[in-house]
Amino acid sequence: MRRYASHYLYVPGLGYLKNRVVEVEEGHMVRHLPLEGEEAGTSWLPGVLRVEEGRVFHYYPYDLNALQPVAGTRRRQLP
């Protein structure tokens, strides 16, 4: 299992959640929880993590004020 933290996590039905940690196994989100300081084994990814059909994607760069992609935003699926 891998752990990633980001400025925001977008979960359908919940919206944008600030400063979250996501646990990912085989590309699928297992759970998410609040970020409570630095945690060993957690990779920091700036921008937004987004859950799409159970899979987690990293969007960067991202306008964190307007909460929307900007020109040049890239989308990458997390392993």
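Modeller: Two strands pair if DSSP finds at least two bridges between them. Strands here are DSSP runs (E, at least two residues), numbered from the N terminus.

Colleague: Fine. What is the bridge partner of Leu9 in S5?

Modeller: Leu9 has Leu49 as its bridge partner there. Strand S1 (residues 2-11) and S5 run parallel, joined by 3 bridges.

Colleague: What sort of model is this, and how are residues numbered?

Modeller: This is a predicted model, with pLDDT of at least 70 needed for local features and 80 or more for side-chain atom pairs, while totals for chains, interfaces and linings use all residues. Residues are numbered from 1 along each chain as its sequence is written, and side-chain values use heavy atoms, leaving out hydrogens and water.

Colleague: How many residues of S5 are buried?

Modeller: In S5 (residues 48-52), 4 of the 5 residues are buried, meaning under 20% relative accessible area with a 1.4 Å probe, protein chains only.

Colleague: And how does S5 run relative to S6, parallel or antiparallel?

Modeller: S5 and S6 (residues 55-63) run antiparallel, with 5 bridges between them. Val48 stands opposite Tyr59 in S6. The hairpin of S5 and S6 has 2 residues between the strands, and Glu53 takes a positive phi near 55°.

Colleague: Switching to Glu52: which side chain does its side chain make a polar contact with?

Modeller: The partner is the side chain of Arg75, at 2.7 Å. A polar contact is a pair of N or O atoms within 3.5 Å; within protein, one must be able to donate a hydrogen and the other to accept it, and residues adjacent in sequence count only if both atoms are side-chain atoms. Glu52 itself is in strand S5.

Methods
Buried < 20%, exposed > 50% of the residue type's maximum accessible area, 1.4 Å probe, protein only.
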